[in-house]
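Please keep the 3D view open as you read.

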Amino acid sequence: MTASAAVRSFAAVDLGATSGRVMIGRVGTDALDLELVTRFSNGPVQRADGLHWDFGALYEHVLDGLAEAVRREPTIESIGIDSWAVDYGLLHDGDLLAEPFHYRDDRTARGVEAVHAVVPFEELYRRNGLQFLPFNTLYQYRADALLSDADTALLMPDLLAFLLTGRRVAERTNASTTGLLRVDDAQWDLELAERLGIPAGVLPSLVDPGETIGRVRPELAARIGRDLPVVAVASHDTASAVAAAPLSTPHAAYISCGTWGLVGLELTEPVVSDAARAANFTNELGVDGRIRFLHNVTGLWLLSETLREWEASDGAPIDLPTLLAEAAATAGAVPLFDANDPSLSAPGDMPARIGALLGDAAPSSRAEFVRTIVESIAQAFADAIADAATLAGRPVDSIHLVGGGSLNRLLCQATSDRSGVPVIAGPVEATALGNVLVQARAAGAAPADLAGLRALVAATADVHRYDPR
């Protein structure tokens, strides 16, 4: 597809916990297309004081990708940035104090203890609506010795936007994952911050998806090749993915599946009942003030870590599609384990840790072991969907599975079988599509309402339906 008066172009920076990419999105009245410009690896790096992100390399990859995007498509109108949630960088006088910590660093346990000693989780849930995850930002803040030296704390997409534009803001969908945004009015909970010893001054002003953050600084515009605005999108990658999930009915659920599986419903009001808290469901913001009522389920991290261990042992790469096909061909039932068991959360020997959970029932062949992993993830997905339906009082008639997991046919079929409802898989690049669509809407190049954006996705995306067997 080439740019024309009817088709307009936007650059999407889409950063995940294992890889990042820069893409060109082209949007027209009945057209929606993505072109991959560059893809680069991303992941934790061990430093003397713990697990960090190699942020300098990440930033350079983003700049190089944007320069290549502009070279390929000079008519690009704006830039949008999304990433994983909760992690942040600390600034003082505009300088980054240290590499951002990785959310899997074990320092967060100290933050949990420090926070809950002051504010019990029951009260936190009433205030912020978030499920308990030990790496939520407010726990990280309490464990961060440099916070008192900072004048600003910026989540990862906001940090990149600051480096590009010089403006410090917090995009609201991602801010809702910090634990410091009130669930009732989506404003910073300054009273909570004060009680926890978190300086209110580090919390920047809030912006909504579609607002222009600023224009690229002149020296970076020269490097990129264009003087472009940076537009706030739903910068939490799951919020962008859900915005582009072509939900087919009011009773459709969604799963945004990659390293994590984010499983839930889109609501207009939060659910902060005791039952929702006990089930560890979260209320995060989406586009247009929607509530993403969901549960975090460990996703394809279990499979990728298992393959990484086997490849290290073999000294050779493993072809995943072949292994998945062999797994699908295995006959009979396989044992299941709790995909959310805390012992599986850190990097390391994943096959051994899964084997410890399964005991004598652990499969001996790799194909059966992979099927056990996939079926266990699918069962966790199905359980989360059933819980969401009960807690929200809304029956579920279909599941839209978007993201990289939509390419895993074994996972999609197993999720349909175990949930008892159809799974509509795709689009794969839902996050980047949501990023582009919010930019396009802000520019007047896409429908003004969320239903219209999803209708455009439904009309143009490649999806596949799996019915329960």
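On a 1 Å grid over the protein atoms alone, a cavity is a set of points where a 1.4 Å probe fits but cannot get out, whereas a pocket is an open set with protein on both sides within 12 Å along at least five of seven lines; lining residues have an atom within 4 Å of a point. Grid points are joined across faces, edges and corners, and a volume is the space filled by probe spheres set on the points. The model is predicted, so to speak of local features a pLDDT of at least 70 is needed, side-chain atom pairs count only at pLDDT 80 or more, and totals for chains, interfaces and linings use all residues. Residues are numbered from 1 along each chain as its sequence is written, and side-chain values use heavy atoms, with hydrogens and water left out.

A search of the whole structure turns up four cavities of 30 Å³ or more. The second largest cavity holds about 60 Å³ of space. Its lining is made up of Y141, A153, L154, L155, D158, A170, A175, T178, W188, V202, L203 and P204. For the classes, Ala, Val, Leu, Ile, Met, Phe, Trp, Tyr, Cys and Pro count as nonpolar, Asp, Glu, Lys and Arg as charged, and the others, Gly among them, as polar. On that basis the lining of the second largest cavity has ten nonpolar residues, one polar and one charged. Helices (H or I, at least four residues) and strands (E, at least two) are DSSP runs, numbered from the N terminus. Strand β9 gives the most to this lining, with three residues.

The largest cavity contains about 90 Å³ of space. Around it you will find Y88, G89, L90, L97, A98, E99, P100, F101, R107, D144 and L146, and by class this lining has seven nonpolar, one polar and three charged residues.

Now for an open space. The second largest pocket has a volume of about 580 Å³. It is lined by 24 residues, of which L133, P134, N340, P342 and S345 are the closest to its centre. Both α2 (108-118) and β17 (291-298) supply at least two residues of the lining, and the largest share, three residues, comes from β17. The lining of this pocket divides into eleven nonpolar, eight polar and five charged residues.

Strand β9 also belongs to a sheet. Two strands pair if DSSP finds at least two bridges between them. Three strands form an open sheet in the order β8-β7-β9, with antiparallel pairing. Strands β8 (95-96) and β9 (152-155) stand at the edges with a single partner strand each, so one side of each has no neighbour in the sheet. Helix α5 (residues 156-165) packs on the sheet and touches β7, β8 and β9 (contact means heavy atoms within 4.5 Å). The direction of α5 makes about 110° with that of β9, where axes are lines fitted to C-alpha atoms, for helices over the stretch in contact, and angles run from 0 to 180 degrees between N-to-C directions. Strand β7 (residues 88-92) is joined to β8 by two bridges, and H92 has D95 as its bridge partner in β8.

How many residues of β2 (residues 19-28) are buried? Ten of its ten residues are, where buried means under 20% relative accessible area, exposed over 50%, and partly exposed in between (1.4 Å probe, protein chains only). One side of β2 carries S19, R21, M23, G25 and V27, and the other G20, V22, I24, R26 and G28. Strand β1 (residues 8-15) pairs with β2 in the antiparallel sense over eight bridges, and a hairpin joins the two through three residues. Ten bridges join β2 to β3 (residues 31-41), again antiparallel, with G28 opposite A31. Strands β2 and β3 are also among the elements that cover the buried residues of helix α17.

Finally, the backbone. Most residues other than glycine have a negative phi, and most peptide bonds are trans. V86, in the loop between β6 (79-82) and β7, has a positive phi of about 70°, and V86 is buried, at 5% relative accessible area. T137 touches V86, among other residues, and is itself buried at 0%. N280 has a positive phi of about 60°. The peptide bond from G426 to P427 is cis, with omega near 5°.

Notes: Lists of a residue's contacts leave out its neighbours within four places in sequence.
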